[in-house]
Amino acid sequence: MISTQGTRGFRAYTAKHLDELLGRAGFDGDTRLRVRAVATVLPFRTNAYVVDELIDWSSVPDDPIYRLVFPQEDMLPEEDVSHLAALLRDDAPAPQLKAAAAQIRMRLNPHPAGQLELNVPRVGLETMEGMQHKYPETVLFFPKQGQTCHAYCTYCFRWAQFIGEPDLKMASDDIGRLTAYVADHPEVTSILLTGGDPMIMGEPVLRRYVEPLLKVDQIESIRIGTKSLAYWPARFVTDPDADATLELFSEVVRSGKNLAFMAHFSHPRELESPIVEEAVRRIRDTGAVIRTQAPIIRSINDSPKTWADMWRRQSTLGMVPYYMFVERDTGPQDYFAVPLTDAYEIFRDAYSQVSGVCRTVRGPSMSATPGKVCVDGVVEIAGQRVFALHFIQARDPQLVGRPFFAHYDPEAVWLSDLKPAFADRFPFEPALETPPFARLSA
């Protein structure tokens with residue numbers, strides 16, 4: 001058994017280390033410069049565990065974990081990369097470089113699916129910062145100290161949280177406002193602590209956010225969205241506060257609430273280390289349920305075998321496969337996106353390779369503005385080839401579970417690329433306004 005005693009030993013790498021790290025792959029100076037140019041726009045952070053234990057440097061740049069955390073020079077339009085690289089080469093003043101990067105970022109849809117316009121609740125004229133309330137029963141909360149990660153995924157749809165722009169960041173340290181808001185909204189039964197990554201916080205800080213929720217009777221479940229099991233499993237095994245963190249998890253369960261640990265795994269290699277197995281065992285021993293999810297990403301996990309292997313391993317360790325997502329319409333989406341028809345075929349082929357205990361997984365699912373839309377397949381109806389879809393979750397609860405159809409488009413990668421079939425509009429289109437629980441309230 002792995003010892004639970006020790007020091008944290010966490011070492012982060014940021015953009016200032018990028019040139020040195022890229023040297024491990026033997027890239028020439030121009031390639032390293034262009035990768036650094038991309039990193040002025042998209043955030044870069046990793047750590048020694050990912051670099052030394054997960055990446056196969058002999059396979060770079062094709063290694064999936066390398067592609068998962070390191071920027072690629074073709075993630076952005078060539079003209080943008082060349083412009084930024086020239087600024088770096090000429091040692092341009094920092095404000096000039098920052099302005100050029102900011103201009104490119106604003107073209108990348110930094111906050112998709114109405115995160116700022118439709119999801120942020122208000123009480124009277126006051127905006128509830130650091131919260132989102134998209135679905136009636138669920139509120140997302142962004143703990144201020146949890147708005148970074150042990151490492152950043154290159155495809156992250158929350159990349160705008162990490163670029164130092166206050167107007168784009170969602171965060172709050174006022175747990176009292178959350179509990180007061182929930183008390184005024186009896187339909188809320190589930191809280192998702194998200195980020196960033198809440199598990200970047202030490203136990204004393206995490207406890208300050210979790211303990212008050214245990215006193216709110218209407219809350220049935222507390223969810224923690226995290227990639228820590230993949231990027232820093234020592235958080236639950238050898239970190240100095242690992243035992244205290246697990247005791248906090250046990251307290252949640254003993255309080256009568258469900259603790260759902262929403263673990264983000266992108267590739268089977270993230271599950272291979274013995275410390276991951278030990279971390280999973282220790283979390284499960286608290287009574288928490290670990291559910292797994294990730295988007296399907298071109299060049300990283302866009303094969304049925306990858307997903308089938310991942311689901312089987314997760315199930316063997318006692319985790320519950322939960323979601324295959326579609327890459328969101330933000331950041332370098334064009335670089336990572338898999339066409340919906342391919343995503344469905346990959347999901348179906350992987351699903352057919354696993355036993356029933358793994359078939360708890362749902363997908364491929366788009367977390368779009370009106371809700372979570374699942375692609376159920378490609379079918380022919382009345383002589384037309386169409387996508388069959390349904391809402392797993394929706395702003396308008398009456399849409400949940402209702403099938404609808406879109407004209408088949410082999411190039412479509414997102415809901416906005418689709419056109420309605422057998423109707424003039426999609427069923428959600430008349431209901432895109434802010435739901436009643438997120439409007440102004442007295």
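**A walk through the predicted model**

Let's start with aromatics: Phe27, Phe44, Trp57, Tyr66 and Phe70 are linked into a cluster by ring pairs. Rings of Phe, Tyr and Trp (for Trp, the six-membered ring) count as a pair when their centres lie within 6.5 Å; planes under 30 degrees apart make a pair stacked, over 60 edge-to-face, and the rest tilted. This is a predicted model, where local features need pLDDT of at least 70 and side-chain atom pairs count only at pLDDT 80 or more, while totals for chains, interfaces and linings use all residues. Residues are numbered from 1 along each chain as its sequence is written, and side-chain values use heavy atoms, with hydrogens and water left out.

Searching the whole structure turns up 25 aromatic pairs. Take Tyr323 and Phe325: their ring centres are 4.6 Å apart and their planes sit at 20 degrees, so this pair is stacked. Both Tyr323 and Phe325 are buried, where buried means under 20% relative accessible area, exposed means over 50% and partly exposed is in between (1.4 Å probe, protein chains only).

Now for some helix packing. Helix α2 (residues 29-39) packs against helix α5 (residues 78-89) at an angle of about 105 degrees, with the axes 8 Å apart. That makes α2 roughly perpendicular to α5. On the wording: angles of 65 to 115 degrees are roughly perpendicular, under 35 roughly parallel, over 145 roughly antiparallel, and the rest oblique. The axes are lines fitted to C-alpha atoms, for helices over the stretch in contact, and angles between N-to-C directions run from 0 to 180 degrees. Helices (H or I, at least four residues) and strands (E, at least two) are DSSP runs, numbered from the N terminus.

Who does the touching? On the α2 side, the contact uses Asp30, Leu33, Arg34, Arg36, Ala37 and Val38, and on the α5 side Glu78, Val81, Ser82, Leu84, Ala85, Leu88 and Arg89. Contact here means heavy atoms within 4.5 Å. By type, the residues of this contact split into seven nonpolar, one polar and five charged.

Next come two buried polar residues. Ser190 is found in strand β7 (residues 190-193) and is buried, at a relative accessible area of 6%. Its side chain and that of Ser221 are joined by a polar contact of 2.9 Å. Such a contact is a pair of N or O atoms within 3.5 Å; within protein, one must be able to donate a hydrogen and the other to accept it, and residues adjacent in sequence count only if both atoms are side-chain atoms. Gln147, in the loop between β6 (138-141) and α7 (175-183), is buried too, with 5% relative accessibility. The Gln147 side chain reaches the backbone oxygen of Pro143 at 2.7 Å and that of Thr194 at 3.2 Å.

Most residues other than glycine have a negative phi, and most peptide bonds are trans. Asp91, though not a glycine, has a positive phi of about 55 degrees; Asp91 is exposed, with a relative accessible area of 67%. A cis peptide bond joins Val60 and Pro61, with omega about 10 degrees, and another cis bond joins Gly363 and Pro364, with omega about -10 degrees.

Notes. Nonpolar A, V, L, I, M, F, W, Y, C, P; charged D, E, K, R; others polar.
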